[in-house]
Amino acid sequence: GCTGTASATVNIDQVNLNLSSNTSICEGSNTTLSASGASAYSWSPATGLNTTTGSIVIASPLSTATYSVTGTSSNGCTAIENVTVTVNPLPVLTTSGDATICAGTSATLNVNGADTFNWSPSTGLNNTTGVSVIATPAAPTTYTVIGANSFGCVSAADITVTVNPLPVVTLSNFSSICSNAALLTLSGGSPAGGSYSGNGVS
């Protein structure tokens, strides 16, 4: 019935894994995900990630995705945390299309498909915001409209306004005629194909 005692210390290793918060991105963009509190990290799924190991990864998912990271301590203990990357759509812009005007006239340019719009350059425009602007450029100009939706995602579209020059019209004076003379045919104007107007012209 003899007894003896011995004692031993048990160290409890706990992984306090910290992960970046859920985040939102626009289609075609990326975000950085980070983890801390462990010695090694493994991320999954691999879809949309630039790497599956390390404390920092870059996520570029095509659609909303939830990633899991497993953190491992130096003693082999593990912990798992999740983070969701929400992918928001880009606005799809529809414009009135390219326009052709004569010098000195204007064209109305329209766009829809987003919540706010900004136009540039401002040259020849009556406004630089809104779904509709009036363009009166002095020379051919390509306007860019950037539309943003409620998620803050943006898309751009171009509208080109072509400006045609006015014709240079010339007409020489006619010889004097008597008041009772026969009808006079007006001709000789340049460029050809124009029309004549004035008192007594029919």
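Guide: Here is a quick tour by topic.

Visitor: What should I know about the source and the cut-offs first?
Guide: This is a predicted model: local features need pLDDT of at least 70, side-chain atom pairs count only at pLDDT 80 or more, and totals for chains, interfaces and linings use all residues. Residues are numbered from 1 along each chain as its sequence is written, and side-chain values use heavy atoms, with hydrogens and water left out.

Visitor: How many disulfides does the structure hold?
Guide: One disulfide, meaning a pair of cysteine sulfur atoms within 2.5 Å. The disulfide joins C26 to C153, with S to S at 2.1 Å.

Visitor: Which hand does the link of C26 and C153 have?
Guide: Left-handed, with -95° about the S-S bond. The pair links distant parts of the chain, 127 residues apart. C26 is in strand β2 (residues 23-26), and C153 is in the loop between β13 (141-148) and β14. Strands here are DSSP runs (E, at least two residues; helices are H or I, at least four), numbered from the N terminus.

Visitor: C153, buried or exposed?
Guide: C153 is buried, at a relative accessible area of 0%. Buried means under 20%, exposed over 50%, partly exposed in between (1.4 Å probe, protein chains only).

Visitor: And what about C77 and C102?
Guide: C77 is partly exposed, with 26% relative accessible area. C102 also counts as partly exposed, at 41%.

Visitor: Switching to the core. Which residues have the most contacts inside the largest one?
Guide: L109, F117, W119 and Y143, in a nonpolar core of 18 residues. Such a core is a set of buried Ala, Val, Leu, Ile, Met, Phe, Trp, Tyr and Cys residues joined through side-chain atoms within 4.5 Å. Elements giving two or more residues to this core are β9 (99-102), β10 (107-112), β11 (116-120), β12 (132-135), β13 and β14.

Visitor: Which element gives the largest share of this core?
Guide: β14, with four residues.

Visitor: Which β14 side chains are buried?
Guide: S155, A157, I159, V161 and V163 point to one face and are buried.

Visitor: How do β9 and β13 join β14?
Guide: β9 runs parallel to β14, with four bridges. There, A99 has V161 as its bridge partner. β13 runs antiparallel to β14, with eight bridges. T144 stands opposite D158. Two strands pair if DSSP finds at least two bridges between them.

Visitor: What is in the turn of the β13 and β14 hairpin?
Guide: G152, with a positive phi of about 85°. Five residues lie between the two strands.

Visitor: Other sheet. What order do the strands of the open one take?
Guide: β1-β3-β5, with antiparallel pairing. The edge strands are β1 (18-19) and β5 (56-59), each pairing on one side only. Four bridges join β3 (residues 31-36) to β5, and S34 stands opposite I56.

Visitor: Where is S20?
Guide: S20 is in the loop between β1 and β2, and counts as partly exposed at 22% relative accessibility. S20 and I56 are 36 residues apart in sequence and 9.8 Å apart in space, C-alpha to C-alpha.
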